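Please open the model in a viewer and keep the sequence alongside it.

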There are 2 protein chains.
Amino acid sequence: MKTAFIIFDRMTALDLIGVYDPLTRLKSMNFVPEFNWQMCAFTEEISDDRGLRFVPDTVAESLGGYDLIVVPGGFGTRALQHDKLFTDWLKSAAPVKLKTSVCTGALLLGSAGFLAGKRATTHPNAFEELKLYCAAVETRRIVDEGDVVTARGVSSSLDLGLHLVERIAGSKARAHIAKQMDYPYGELVRPPPAGK
Amino acid sequence: MKTAFIIFDRMTALDLIGVYDPLTRLKSMNFVPEFNWQMCAFTEEISDDRGLRFVPDTVAESLGGYDLIVVPGGFGTRALQHDKLFTDWLKSAAPVKLKTSVCTGALLLGSAGFLAGKRATTHPNAFEELKLYCAAVETRRIVDEGDVVTARGVSSSLDLGLHLVERIAGSKARAHIAKQMDYPYGELVRPPPAGK
């Protein structure tokens with residue numbers, strides 16, 4: 001199980017790390033020992049929207065070989081959604097079976113065409129903008145359309161991470177990981193099963 | 001207002017980023033325009049406990065000139081709490097008026113002597129270990145002792161960040177930042193005011 005965390009300039013670090021923490025515990029806590037991941041960028045130099053530097057594992061390589069992509073949001077998305085080179089790169093993820101986003105990362109999934117005909121969500125400030133790309137914008141914290149899962153604003157990243165943990169490894173793994181994260185909130189927003 | 005985020009090898013990224021997000025919004029959302037921060041390390045090469053690289057702004061420089069330090073936890077703390085060179089470096093933060101930790105970062109504050117006579121908290125797995133360093137271990141999510149504030153496990157980092165936002169800029173700033181983070185949970189665990 002191979003995951004690509006998509007990183008880009010002026011992303012929001014918590015959008016990324018909030019999913020990264022629970023998901024990578026699938027490996028570190030030994031639920032899915034073969035779970036692995038890479039930080040994938042289109043350009044070498046990546047800083048978040050407040051100046052923190054991130055070091056990519058791969059640069060401008062095809063995303064077609066992954067099983068899961070995670071796309072965070074942040075101010076950078078506003079320009080990147082209209083950047084043809086970046087969007088073409090993201091489109092290389094077309095064969096990936098599970099495409100996910102946090103916050104305005106949904107605008108990037110949208111500009112790559114991955115939300116066509118789907119329900120999706122994003123940061124409440126970007127609900128209007130997202131309508132261009134999907135069948136319906138929902139206000140729920142996690143919208144699971146089977147092959148595409150979108151989460152709302154920044155901190156919903158933790159809930160998305162736990163949701164993906166449950167899809168990949170089941171509810172017991174989710175409960176263990178949430179406990180290790182000392183996260184008592186997730187159950188409050190647990191979405192209905194995929195497609196319901 | 002100058003903040004040092006302490007980073008070290010085998011830290012847990014979410015312990016750091018969960019505080020960093022709300023706190024740095026004091027500047028990016030213009031509540032405290034003069035708020036600034038640096039990522040401070042004792043060694044050049046820093047990766048989190050799952051391999052993600054972080055790039056420090058300062059290495060082995062004194063921490064005495066900051067107004068706030070934030071110490072994350074992670075597996076790295078278990079050895080570092082007994083590492084004399086690291087602990088001596090952390091002790092350079094003695095004059096800092098507000099010292100804070102997330103998760104097992106409390107063990108590092110403890111080994112530097114900053115928890116002596118104080119109540120404190122940490123990840124539930126480390127409650128016993130923390131007893132060596134403080135007057136009493138509490139199970140609350142945030143323990144505010146005025147000049148020292150400790151938070152429980154990993155995800156309590158977001159709650160600590162919002163708590164510090166409120167101390168620095170007031171409850172309106174906290175509410176705005178929590179809304180921008182799309183974080184509906186913080187109010188559930190809002191601790192009593194400092195010292196109460």
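## Stop 1

Select Ala13(B), which is buried, because 26 other C-beta atoms lie within 10 Å. A residue is termed buried if 20 or more other C-beta atoms lie within 10 Å of its own, exposed if 12 or fewer, and partly exposed in between, with C-beta atoms placed from the backbone. The model is predicted: local features need pLDDT of at least 70, side-chain atom pairs count only at pLDDT 80 or more, and totals for chains, interfaces and linings use all residues. Residues are numbered from 1 along each chain as its sequence is written, while chains are lettered from A and ligands numbered from 1 in the order in which they are written.

Ala13(B) belongs to helix H1 of chain B. Helices (H or I, at least four residues) and strands (E, at least two) are DSSP runs, numbered from the N terminus.

## Stop 2: the whole of H1(B)

H1(B) has 16 residues and spans 21 Å from first C-alpha to last, close to the 22 Å expected at 1.5 Å a residue; the expected span is 1.5 Å times one less than the number of residues. Of the 16 residues in H1(B), 14 are buried, and the helix is mostly covered.

Where does H1(B) bend? The bend, about 30°, is at Asp21(B), and Pro22(B) follows within four residues. The bend at a residue is the angle between axes fitted to the seven residues ending there and the seven starting there. After the helix comes Asn30(B), with a positive phi near 70°.

## Stop 3: H1(B) against H6(B)

H1(B) and H6(B) pack at an angle of about 25°, with their axes 7 Å apart. That angle makes H1(B) roughly parallel to H6(B). Axes are lines fitted to C-alpha atoms, for helices over the stretch in contact, and angles run from 0 to 180 degrees between N-to-C directions. Angles under 35 degrees count as roughly parallel. The crossing of the two helices is right-handed, that is, the near helix is turned clockwise from the far one by less than a right angle.

## Stop 4

Select residues 98-102 of chain B. Four of the five residues of strand E7(B) are buried, so the strand is largely enclosed by the rest of the structure. Leu98(B) lies in E7(B) and is partly exposed, with 18 other C-beta atoms within 10 Å.

Strand E6(B) (residues 68-71) runs parallel to E7(B) and is joined to it by four bridges; two strands pair if DSSP finds at least two bridges between them. Val71(B) stands opposite Ser101(B). Four bridges also join E7(B) to the parallel strand E11(B) (residues 148-151), where Val149(B) faces Thr100(B).

## Stop 5: chain A

Turn to the sheet of chain A, an open one of seven strands with mixed pairing, in the order E5-E2-E1-E6-E7-E11-E10. Its edge strands, E5 (58-59) and E10 (142-144), each pair on one side only. Within the sheet, E1(A) (residues 2-6) and E6(A) (residues 68-71) pair in parallel over three bridges, and Phe5(A) has Val70(A) as its bridge partner.

Finish at H6(A): 11 of its 14 residues are buried, including Leu160(A) and His163(A).

Definitions and conventions
Parallel < 35°, antiparallel > 145°, perpendicular 65-115°, else oblique.
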